[in-house]
Amino acid sequence: MKFLYKKIPIIENFNPPVKKFVYRPIIPVYLKNEKDKKVGYEVLIDSGADHCVFHSDIAEIININWQEGEKISLSGIGGKKITGFINSVEIEIGGKTNKTKIIFSSEIPSFGYGILGQKGFFEFFRIRFVYKKKIIQITPEERK
């Protein structure tokens, strides 16, 4: 599967302001519950993240009672701790579906992107970042 990096506009605080762009490995995915209700969501592929973390609003849209999952405490680059709950869901990427574990939390910004991390994503896929061409290649790993 091939995806293009997402081009995101930023404004640098000069006088006058300067509009520039950054490129991020952000791809579309679908999350599904057991009854096949699904929702699309844009996610950042983050090789430094231990887990896949999505906002709890996404779980609620597909009728997952996310707080019934296993409770976990996480901290990120800023060191701030958040609480999340591990849930099993199906994730569809480029037409391929895998059952995986997602941590849902109401303590992350709802306006941002979900995170695809080591557990739940990188363990099932081989990822190749080709930044010069702004391409992400994702290949399912062989299951043993």
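Modeller: Let's settle one term: a contact means heavy atoms within 4.5 Å. Also keep in mind that this is a predicted model. Among contacts in the chain between residues at least 6 apart in sequence, 51% join residues at least 24 apart.

Colleague: Okay, and what elements does the chain have, and how do they run?

Modeller: There is one helix, along with twelve strands. Starting from the N terminus, you'd read β-β-β-β-β-β-α-β-β-β-β-β-β.

Colleague: How do you know whether the radius of gyration agrees with a compact globule?

Modeller: Set the value against the rule, which is 2.2 Å times the number of residues to the power 0.38. For 144 residues a compact globule would come out near 15 Å, and the chain has 16 Å, so the two agree. The C-alpha atoms fill a box of roughly 50 × 35 × 25 Å along the principal axes.

Colleague: Now histidine 55. Why does it count as buried or exposed?

Modeller: Buried means under 20% relative accessible area. Histidine 55 has 8%, so it counts as buried. You'll find histidine 55 in strand E6, residues 53-55.

Colleague: What does histidine 55 touch?

Modeller: Leaving out residues up to four places away in sequence, histidine 55 touches Tyr41, Phe104, Ser105, Ser106, Ile108, Pro109 and Ser110.

Colleague: On to the strands. How do you know that E2 and E3 pair?

Modeller: Pairing takes at least two bridges. Seven bridges join strand E2 (residues 6-12) to strand E3 (residues 18-24), so they pair, and they run antiparallel. A hairpin of five residues links E2 to E3.

Colleague: What about E1 and E12?

Modeller: The same test applies: three bridges join E1 to strand E12 (residues 135-140), so they pair too, again antiparallel. Leucine 4 stands opposite isoleucine 135 in E12.

Colleague: Which strands make up the open sheet, and what makes some of them edge strands?

Modeller: Three strands form the open sheet, in the order E1-E12-E11, with antiparallel pairing. Strand E1 (2-4) and strand E11 (125-130) are the edges, as each pairs on one side only. From one strand to the next, the twist averages 20 degrees.

Colleague: Where do asparagine 63 and lysine 134 sit, and why are they called exposed, partly exposed or buried?

Modeller: Asparagine 63 is in the loop between helix H1 (56-61) and strand E7 (70-75). Exposed means over 50%, and asparagine 63 has 57% relative accessibility, so it counts as exposed. Lysine 134 lies in the loop between E11 and E12. With 22%, lysine 134 falls between the 20% and 50% limits, so it counts as partly exposed.

Technical notes
Residues are numbered from 1 along each chain as its sequence is written. This is a predicted model: local features need pLDDT of at least 70, side-chain atom pairs count only at pLDDT 80 or more; totals for chains, interfaces and linings use all residues. Side-chain values use heavy atoms; hydrogens and water are left out. Helices (H or I, at least four residues) and strands (E, at least two) are DSSP runs, numbered from the N terminus. Axes are lines fitted to C-alpha atoms, for helices over the stretch in contact, and angles run from 0 to 180 degrees between N-to-C directions. Buried means under 20% relative accessible area, exposed over 50%, partly exposed in between (1.4 Å probe, protein chains only).
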